[in-house]
Amino acid sequence: MWSLSLTRLKYIFALTIFYCFLLFTSPLFAAEVLQIRSASLLQIGDQNRTYTVELSCIDFSLEDKDDARILLKSLLPRGQRVNLKPKGSKDGILIASVSKIGHPKDLTEQLIEAGFGETTC
């Protein structure tokens, strides 16, 4: 009845993977910034849920925290779409690498390059 060649099956499989990639990495389904709480703590919304997210792999000195928060607010205005790469959780707070959609560097790298904080990873 169904006689599909191996080449045709590979094509169908590749096409299916491609469509799944588009579906799950689309900015349409990305999380968005709701609030910057501190230099390393964000409130992120994902359709009908909200998460408290801590930036991974960064530690701030006391004098850097206020300036880092101001920079973070300028990098991430309310409604900015972001990708999250979870690294773990602590006390109900998601610890993740956060990057703006379409930007190659995550926020931790950007803050460290700007002179705020030190890497912990």
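I take buried as under 20% relative accessible area, exposed as over 50%, and partly exposed as in between, with a 1.4 Å probe and protein chains only.

I note that this is a predicted model, in which local features need pLDDT of at least 70 and side-chain atom pairs count only at pLDDT 80 or more, while totals for chains, interfaces and linings use all residues. Residues are numbered from 1 along each chain as its sequence is written, and side-chain values use heavy atoms, with hydrogens and water left out.

Entry on salt bridges. I searched the whole structure and found four salt bridges, each a side-chain nitrogen of Lys or Arg within 4 Å of a carboxyl oxygen of Asp or Glu.

Entry on Glu113 and Lys105. I looked up this salt bridge and found its closest N and O atoms 2.7 Å apart. Glu113 is exposed at 55% relative accessibility, whereas Lys105 is partly exposed at 29%.

Entry on Glu32 and Arg81. The closest N and O atoms of this salt bridge are 3.7 Å apart. Glu32 belongs to strand β1 (residues 31-36) and Arg81 to strand β5 (residues 81-90), so the pair ties together parts 49 residues apart in sequence. I took strands as DSSP runs (E, at least two residues), numbered from the N terminus. Glu32 is partly exposed at 27% relative accessibility, and Arg81 is partly exposed at 32%.

Entry on Glu54 and Lys90. I found their side chains joined in a salt bridge at 3.8 Å, N to O. Because Glu54 lies in strand β3 (residues 49-55) and Lys90 in strand β5, this pair ties together parts 36 residues apart in sequence. Glu54 is buried at 18% relative accessibility; Lys90 is partly exposed at 44%.

Conventions: Helix = DSSP H or I, 4+ residues; strand = E, 2+ residues; numbered from the N terminus.
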